[in-house]
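Please keep the sequence and the model in view while reading.

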Amino acid sequence: MATTPQEPQNGQVNRRKLLSFAGIGSLLALAGGVVYKHFSATSAVKVESFMTSGSGRKKNILVLTGSGRKQGNSDLLAEAFVKGALEASHNVKVFHSGREPMQACRHCGGCWSRGKPCVIDDSFEKLFPWLEQAELLVFCSPLYWYNFSGHIKCAMDRMYPYSQKNRLRDMQVRETMLLMCGQSHFLRSFAGPAEAYRQMIGYKHWNDRGRLFVTGVDEYGEIVKDKALVTAEEMGRNA
Ligand SMILES: Cc1cc2nc3c(=O)[nH]c(=O)nc-3n(C[C@H](O)[C@H](O)[C@H](O)COP(=O)(O)O)c2cc1C
């Protein structure tokens with residue numbers, strides 16, 4: 001005797017409908033995976049930069065890095081820059097603010113009270129003589145929460161004594177560069193620190209010699225994928 005399919009009772013689930021929904025769902029998930037893989041594989045590292053020509057004069061350069069990761073992406077940027085700068089016979093020093101104890105400025109008003117810029121005894125003791133010699137200061141930071149890393153920001157804030165009227169000495173910095181990298185694929189993610197940098201150098205009357213932003217890098221060494229390091233090296237050579 002032929003059987004007729006039973007209509008589901010109230011609250012009962014139709015197995016056939018459920019299976020076809022599951023089938024469509026799996027197909028969509030599969031397609032989504034393929035599309036995601038396609039885009040993540042094709043979204044290349046992007047590099048945006050500009051630099052102005054150097055005078056050719058040898059100068060003292062200080063590179064201030066901002067990551068705690070040794071050989072991370074911004075470290076590799078800094079290294080490439082230094083390689084170029086040394087090739088052009090500049091004197092180069094590198095201070096890794098992410099790997100040295102560097103407290104935040106306390107705004108305690110103690111600047112110069114002990115004959116030196118700051119009363120806090122930490123790695124700023126090593127940094128400040130370099131700041132007083134450097135003619136070109138290069139900030140090299142990863143993007144943290146759409147901003148400079150906290151490490152490099154602490155080091156920047158500790159330069160506050162050099163903006164005080166009662167300063168006993170000054171920095172020799174006349175020019176600056178900004179090198180940054182981040183995971184974001186959008187250049188606009190760097191807008192915050194780029195604007196802070198612009199205002200800072202305007203306030204200090206420093207001359208902006210170049211900027212380099214690298215998007216789409218997160219894992220160790222990802223920055224080698226594109227021309228970022230070549231550009232950083234060229235910026236160093238041209239410093
Ligand atoms: C605390 C923290 C915050 C971050 N915030 C951002 C961010 O806002 N935007 C972004 O694109 N990447 C962000 N990143 C990713 C780093 O910028 C990215 O991994 C970068 O390549 C790290 O550089 P490094 O290897 O030199 O440390 C963040 C990473 C950390 C650890």
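A polar contact here is a pair of N or O atoms within 3.5 Å; within protein, one must be able to donate a hydrogen and the other to accept it, and residues adjacent in sequence count only if both atoms are side-chain atoms. The model is predicted, so local features need pLDDT of at least 70 and side-chain atom pairs count only at pLDDT 80 or more, while totals for chains, interfaces and linings use all residues. Residues are numbered from 1 along each chain as its sequence is written, and side-chain values use heavy atoms, with hydrogens and water left out.

Begin at the ligand. A backbone N or O atom of Ser-184 lies 2.6 Å from one of the ligand's oxygen atoms. For Asn-73, a backbone N or O atom is 2.8 Å from an oxygen atom of the ligand. Asp-218 takes part through its side chain, where an N or O atom is 2.5 Å from a ligand oxygen. On its own the ligand has 640 Å² of accessible area, and the protein covers 80% of this; such areas come from the Shrake-Rupley method with a 1.4 Å probe, and for residues only the protein chains shown count as cover.

There are 16 residues around the ligand, and those that come nearest are Ser-67, Ser-74, Leu-143, Ser-184 and Asp-218; a residue is near when one of its heavy atoms lies within 4 Å. By type, this shell holds seven nonpolar, seven polar and two charged residues. In this division Ala, Val, Leu, Ile, Met, Phe, Trp, Tyr, Cys and Pro are nonpolar, Asp, Glu, Lys and Arg are charged, and the others, Gly among them, are polar.

Asn-73 belongs to helix α2. Helices (H or I, at least four residues) and strands (E, at least two) are DSSP runs numbered from the N terminus. Is Asn-73 buried or exposed? With a relative accessible area of 5%, Asn-73 is buried, where buried means under 20%, exposed over 50% and partly exposed in between (1.4 Å probe, protein chains only). Beyond its neighbours within four places in sequence, Asn-73 is in contact (heavy atoms within 4.5 Å) with residues including Cys-181, Asp-218 and Tyr-220.

Now turn to strand β4, residues 136-142, where seven of seven residues are buried. In a regular strand the side chains alternate between the two faces of the sheet. In β4 both faces are covered: Leu-136, Val-138, Cys-140 and Pro-142 are buried on one side, and Leu-137, Phe-139 and Ser-141 on the other. Two strands pair if DSSP finds at least two bridges between them. β4 pairs in the parallel sense with β2 (residues 60-65) over five bridges, and Thr-65 has Cys-140 as its bridge partner. With β5 the pairing is also parallel, over seven bridges, and Phe-139 stands opposite Leu-178.

Helix α6 (residues 228-237) is largely enclosed by the rest of the structure, because seven of its 10 residues are buried. Among what covers the buried residues of α6 are β1 (46-51), α2 (73-87), β5 (175-181) and β6 (207-215). Lys-227, in the loop between β6 and α6, is partly exposed at 48% relative accessibility.

Finally, consider the chain overall. Six helices and six strands make up its secondary structure, in the order α-β-β-α-β-α-β-α-β-α-β-α. Of its 239 residues, 42% are buried.
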